[in-house]
Amino acid sequence: MALDEATTALVVLGLVVALFVWNRLPVGVVAILAALTLWATGLVTTEEAVAGFGDPVVIFIATLFVVSEAIDSTGVTTWAGQALLERAGTGATRVLVAVCLLSAVLTSLITLNGAVAALLPLVVLVGHRIGLPPSRLLMPVAFAGSAGGMLLLMSSPVNVIISEAADDAGEGPFPFFSFALVGIPLLVGTVALCALLGPRLLPQRTPEHAPPDLGSLGETLEGQYQLTDGFYRLRVRSRSDLIGRGPSRTLGGDERVRVVAAESPTGQVVVGPVGDDDTLVVTGDPHDVTRFALEHGLAVGMVGLGDGAGLMNREAGLAEVVVPPRSRLVGERVHRGMKRENALIILAVQRLGTDRGDGPIELAEGDAILLHGRWSALDKLNRDRDVLLVDSPDLVRRQTVAWGQRATLAVLVLLGLVVMLGSGRVPPAIAGLSAVVALVLLRVVSVTQAYRSVSWQTVVLVGALIPLSTAIRTSGAADRVASFLIDAVGPGRPILLLAALFVLTAVLGQVVSNTATVLVVVPIALAAAEATGAGAKPLLMAVAIAGCAALLTPISTPGNMMIMSPGGYRFGDYWRLGLPVMVWWFVVALVVVPLVWPL
């Protein structure tokens with residue numbers, strides 16, 4: 001007996017859920033298999049099967065990754081994290097509450113996916129610094145962010161959908177801040193449950209590839225390379241009394257100022273007499289160096305301070321490299337304070353953990369070199385085959401430099417995005433694309449950086465599951481469920497109807513995107529309101545709350561998916577904490593919603 005379209009759609013949905021729970025196939029592969037199955041059974045056309053990848057929601061999600069990258073790479077999240085730690089201290093509960101509240105606020109401005117993408121590296125590092133595994137922090141952050149999605153009209157696409165539905169139903173749209181009437185109780189209860197139950201219900205795992213904590217790298221390198229004095233490059237002027245004197249005589253000229261080496265204007269080491277416009281690389285106390293320069297007619301140019309933290313700032317920083325086998329640097333003579341390509345300065349050289357001193361030395365395989373220069377120059381070392389980077393300069397900059405270059409521009413673009421979304425006159429996808437273009441044109445992020453920042457796994461997952469939502473809606477499966485729901489509840493029981501709609505939305509929302517789920521359930525809610533005489537607004541608000549309550553599976557929202565690998569979570573970890581949190585959301589929907597919007 002052939003199955004009708006509605007039954008077929010429900011069977012496909014059940015198989016997808018089973019594969020997700022089985023957790024043996026990548027979630028992206030399962031999602032694509034679902035789209036292919038729907039096409040093979042004739043439930044969707046070819047265009048519908050691939051339409052999800054061009055859906056405005058998917059585009060908007062992708063743009064939020066780029067906006068989040070701009071906020072993170074310019075040091076805004078580092079600044080926020082430092083401010084957070086200063087106020088929250090090192091207590092696990094206080095830190096958890098602080099990061100949850102920060103997640104909720106960011107979600108209310110840039111939606112859950114953008115907030116999680118921006119906060120994820122920060123939360124992992126905060127946990128590392130206080131000795132708490134990421135698995136104890138990341139899920140509460142995602143759940144608190146979901147609650148933050150109910151604070152403002154613009155906080156979630158779900159809110160916009162139900163507001164427009166209420167207006168179409170003749171009851172007027174929801175005011176911009178009215179969502180906070182339920183959002184604040186949701187947030188308070190969610191944070192409290194995460195703080196109380198999280199230590200008991202969340203796993204204690206450390207991911208295989210946790211990012212290193214580089215916040216104190218400057219001080220570490222200072223001690224390892226013994227950067228006790230600053231380096232200075234003194235240019236020899238035409239009236240200097242050092243002209244014609246050899247480096248050997250110069251080296252003994254002042255016991256308090258050590259001359260490391262002399263360089264010609266072309267950067268070559270001077271072995272003969274010092275000439276006009278040559279450069280002396282010296283080290284010593286700043287006052288002694290200044291006096292030495294004045295006595296001998298030299299122009300002072302400071303390279304860096306002995307304080308490792310002082311060498312890390314918005315413009316410049318440090319990079320530690322190792323000379324690999326077959327490098328062209330093997331056999332080259334270098335010295336401390338020597339200027340290299342892209343104005344990089346050699347601060348120190350070590351061989352087998354031992355400092356090689358001030359004088360010129362020949363580099364050998366395995367030598368460690370400490371370089372100082374502009375961040376843009378240090379970033380180019382990633383493509384230099386003659387050295388191996390110990391730590392990525394980009395990662396070092398993100399963790400050590402707060403509110404760096406172009407951070408203000410990144411925040412202004414974010415505020416512009418908020419204004420566009422808040423006005424309701426610009427579609428989210430257009431607003432997101434406009435923000436990305438602005439970030440690239442203002443050079444806050446590069447084109448390569450923008451492409452690299454997008455989580456393509458999340459994009460594929462969401463895009464491939466949209467056809468499943470389409471099939472459920474167009475095949476008649478949604479109508480069949482709606483009829484069953486209305487018959488089961490019956491007339492004259494609006495609270496039970498509200499509860500049933502919450503449960504239906506919440507169940508679908510665990511396996512289908514919350515936006516698609518709400519689009520499916522909204523017509524059911526409106527039809528139920530008309531049939532029973534109940535108000536449309538309370539039923540729609542209950543649907544919105546349940547739509548944002550995607551807490552039981554990693555596939556329910558991209559935010560949940562993003563924390564899965566960094567937190568070391570498994571598929572079954574989400575429901576343990578998510579179920580108590582969802583029960584609280586259910587209570588809020590049944591108690592608070594009817595008080596604000598009478599049934």
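**Notebook: a predicted model**

I began with Arg 443, which lies in the loop between helix H16 (428-441) and helix H17 (447-453); helices here are DSSP runs of H or I with at least four residues, strands are runs of E with at least two, and both are numbered from the N terminus. I noted before going further that this is a predicted model, in which local features need pLDDT of at least 70 and side-chain atom pairs count only at pLDDT 80 or more, while totals for chains, interfaces and linings use all residues. Residues are numbered from 1 along each chain as its sequence is written, and side-chain values use heavy atoms, with hydrogens and water left out.

**Positive phi**

I looked up the backbone of Arg 443 and found a positive phi of about 60°, although Arg 443 is not a glycine. Most residues other than glycine have a negative phi. Arg 443 counts as exposed because its relative accessible area is 64%, where exposed means over 50%, buried under 20% and partly exposed in between, with a 1.4 Å probe and protein chains only. Arg 326 sits in the loop between strand S5 (316-322) and strand S6 (333-334), and with 76% relative accessibility Arg 326 counts as exposed.

**Whole protein**

I recorded 25 helices and 11 strands in the protein, and a box of roughly 105 × 50 × 45 Å that the C-alpha atoms fill along the principal axes. Of the 599 residues, 56% count as buried. I also looked at contacts (heavy atoms within 4.5 Å): of those with a separation of 6 or more, 77% come from residues 24 or more positions apart. The accessible surface comes to about 25,700 Å², with 61% of that belonging to carbon and sulfur atoms; the areas come from the Shrake-Rupley method with a 1.4 Å probe, and for residues only the protein chains shown count as cover.

For the charges, I took Lys and Arg as positive and Asp and Glu as negative, leaving out His and the chain ends, and placed each charge at NZ of Lys, CZ of Arg, CG of Asp or CD of Glu. The mean positions of the 41 positive and 46 negative charges are 3 Å apart.

**Salt bridges**

I counted five salt bridges, each being a side-chain nitrogen of Lys or Arg within 4 Å of a carboxyl oxygen of Asp or Glu. One of them joins the side chains of Arg 235 and Asp 277, at 3.6 Å from N to O. This pair links distant parts of the chain, 42 residues apart, with Arg 235 in strand S1 (residues 230-236) and Asp 277 in the loop between strand S2 (257-263) and strand S3 (279-284). Arg 235 is partly exposed, with a relative accessible area of 37%, and Asp 277 is partly exposed at 34%.

I next followed the salt bridge between Glu 295 and Arg 291, at 3.2 Å from N to O. Both residues lie in helix H12 (residues 286-296), four residues apart, about one turn of the helix. Glu 295 counts as partly exposed at 48% relative accessibility, and Arg 291 counts as partly exposed at 24%.

The salt bridge of Arg 576 with Asp 573 has its closest N and O atoms 3.0 Å apart. Arg 576 is partly exposed at 37% relative accessibility, whereas Asp 573 is buried, with a relative accessible area of 5%.

**A nonpolar patch**

I found a nonpolar surface patch of about 810 Å², with Leu 181, Trp 575, Trp 584 and Val 596 among its residues. Patches are made of residues with over 30% relative accessible area and no salt bridge, like charges being joined within 9 Å and nonpolar side chains (Val, Leu, Ile, Met, Phe, Trp, Tyr) within 5 Å. Helix H25 (residues 574-596) gives the most to the patch, with eight residues. Leu 181 is found in helix H9 (residues 180-201) and, at 47% relative accessibility, counts as partly exposed.

**Thr 77**

Leaving aside neighbours within four places in sequence, I listed Ile 71, Asp 72, Ala 118 and Leu 122 as the contacts of Thr 77. Thr 77 and Val 419 are 342 residues apart along the chain, and their C-alpha atoms are separated by 21 Å.
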